[in-house]
Amino acid sequence: MARRTATAPRPDASAPPAGPAGAPADAASRIAAWQRRAGRHGLPWQRTRDPYRIWLSEIMLQQTQAATVVPYYERFLALFPTVVDLADAPQDAVLRAWAGLGYYARARNLHRCAQVLRDEHGGRFPATAAELARLPGIGPSTAAAVAAFAYGERAPILDGNVRRVLARYFAVEGDPAAARTVRRLWEHARALIDAAPAGLDMAAYTQGQMDLGATICTRTRPDCARCPLAPDCQARIRNRQDELPTPRARRAQPLRHCWMLIAECDGRVLLERRPDTGIWGGLWTLPQFEDAAALEAACAGLAAAGTPLALAAIDHVFTHFRLRIQPCWLRLPGAAPTAAGEGRAWAPIGNLDAHGMPAPVARLLAGLYADTPLPR
Ligand code: SF4
């Protein structure tokens with residue numbers, strides 16, 4: 001059912017003439033002015049034109065809320081103050097600093113991108129969105145955000161929040177993830193800038209779109225009464241805020257199962273490093289098995305006398321599926337070997353945070369060894 005917005009402004013008959021592709025000539029300026037007046041200003045990556053800091057924040061902010069990103073961003077900058085410091089760091093150190101933020105391909109690409117910048121660009125960022133978009137892990141919207149914030153380029157962005165704002169403002173129908181819809185949204189994003197005056201404050205405009213999507217034009221309760229786009233927003237005028245963007249067809253999320261072994265010996269826990277590609281690529285996790293029989297066979301291989309103790313199962317949600325983890329805890333007698341083989345380590349329980357681990361594994365171990373400091 002469409003949401004009523006009794007206090008929202010009425011359609012403005014004296015709105016400025018539309019620019020290219022139907023974009024009002026003052027819409028971008030309204031967003032920039034609103035951002036300066038009412039947008040977010042205290043975030044640590046604002047008020048800088050350093051492309052390294054802007055790029056770092058933009059990658060971290062993908063699929064992640066600003067409040068979650070802040071401590072990670074500050075820790076990253078303390079560990080890797082420049083892009084060359086990041087490039088020179090071992091991948092393990094980068095993944096360890098990233099552990100808990102999720103979507104670990106972002107961290108691996110971040111590291112690879114820093115190395116390309118060091119090796120092929122003299123440690124400097126290119127100054128245009130087109131060149132930035134050719135670097136590993138930098139999509140067109142991130143490239144545009146870096147170019148707009150760092151260099152003032154009139155480059156349009158289209159992250160998830162901005163897609164929602166533009167789909168409502170221009171009443172764009174269709175699955176927001178479909179290529180055809182995305183192409184139309186990009187055209188509108190470009191048109192808004194093309195229609196705007198030459199002196200458009202690109203930093204305020206770009207930040208303003210992000211802030212609008214995060215704080216005003218939210219997914220479920222758009223606050224149209226406080227929105228600078230309200231006078232000519234097509235969704236608001238037609239009372240269709242709840243119908244736009246077109247909801248995606250919900251697909252049932254499959255449930256997968258796995259077993260994890262917490263093999264403890266002499267105050268240490270056995271960890272395995274994941275291959276660089278795939279889920280949790282490059283991170284340290286507990287040995288993982290597809291079924292209980294494979295886990296028991298592994299226990300026999302560790303010369304364990306006892307039977308592993310099943311702990312409470314935990315669920316972890318990925319984008320396309322849910323993973324139910326059945327942890328099994330096994331205490332081994334004797335002293336832990338100092339070397340565990342390629343990609344394996346007997347990690348001291350008091351020093352597990354020296355290994356970058358996925359959040360559910362870190363939480364599982366933190367719960368088990370509650371008196372011992374563990375990763376976030
Ligand atoms: S007027 Fe309402 S629906 Fe339209 S962009 Fe603003 S908050 Fe979103």
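Modeller: The second largest pocket has 19 lining residues, and those nearest its centre are Gly102, Tyr103, His316, Val317 and Phe318. The space in it amounts to about 400 Å³. A pocket is found on a 1 Å grid over the protein atoms alone, as an open set of points with protein on both sides within 12 Å along at least five of seven lines; a lining residue has an atom within 4 Å of a point. Grid points are joined across faces, edges and corners, and the volume is the space filled by probe spheres set on the points.

The model is predicted: local features need pLDDT of at least 70 and side-chain atom pairs count only at pLDDT 80 or more, while totals for chains, interfaces and linings use all residues. Numbering starts from 1 along each chain as its sequence is written, and side-chain values use heavy atoms, with hydrogens and water left out.

As for the lining of the second largest pocket, two or more residues come from each of helix H6 (105-120), strand S6 and helix H14 (359-368). Helices (H or I, at least four residues) and strands (E, at least two) are DSSP runs, numbered from the N terminus.

Tyr103 sits in the loop between helix H5 (91-98) and H6. Its phi is positive, about 45°, although Tyr103 is not a glycine. Most residues other than glycine have a negative phi. With 41% relative accessibility, Tyr103 counts as partly exposed; the class lies between buried (under 20% relative accessible area) and exposed (over 50%), with a 1.4 Å probe and protein chains only.

On the other stretch, S6 (residues 314-317) pairs with strand S7 (residues 322-332) in the antiparallel sense, over four bridges. Pairing requires that DSSP finds at least two bridges between the strands. His316, one of the residues nearest the pocket centre, has Leu323 of S7 as its bridge partner. The two strands form a hairpin, with four residues between them.

Now the rest of the chain. The protein chain has 14 helices and eight strands, and its C-alpha trace spans about 85 × 50 × 35 Å along the principal axes. It is divided into domain 1 (20-237) and domain 2 (255-368), with bounds taken from an automatic or database domain assignment. The C-alpha centres of the two domains lie 37 Å apart. Nine residues of domain 1 and 17 residues of domain 2 take part in the contact between them, where contact means heavy atoms within 4.5 Å.

Buried residues account for 48% of the 376 residues in the protein chain. The largest nonpolar core has 107 residues, of which Trp55 and Phe76 touch the most other members. Such a core is a set of buried Ala, Val, Leu, Ile, Met, Phe, Trp, Tyr and Cys residues joined through side-chain atoms within 4.5 Å. Helix H8 (residues 140-151) gives the most to this core, eight residues, and each of domain 1 and domain 2 contributes at least three. Beyond its neighbours within four places in sequence, Trp55 is in contact with Val83, Leu86, Leu110, Cys113, Ala114, Phe125, Ile138 and Val146. Another core, of twelve residues, lies apart; Leu261, Phe289, Cys299 and Trp346 are among them.

The structure holds two cavities of 30 Å³ or more, a cavity being a set of points where a 1.4 Å probe fits but cannot get out. The largest cavity has a volume of about 110 Å³; 15 residues line it, and Arg168, Cys217, Cys224, Cys227 and Cys233 are the closest to its centre. Helix H9 gives the largest share of this lining, three residues. Seven of the ten residues of H9 (residues 160-169) are buried, so the helix is largely enclosed by the rest of the structure. Arg168 is one of those buried residues. The buried residues of H9 pack against helix H1 (27-38), helix H10 (179-195), helix H11 (202-216) and helix H12 (234-237).

Two further backbone features remain. Trp280, in the loop between strand S2 (268-273) and strand S3 (284-285), has a positive phi of about 60° although it is not a glycine. Trp280 is buried, with a relative accessible area of 4%. Leu244 and Pro245 are joined by a cis peptide bond, with omega about -5°; Pro245 is in the loop between H12 and strand S1 (255-265).
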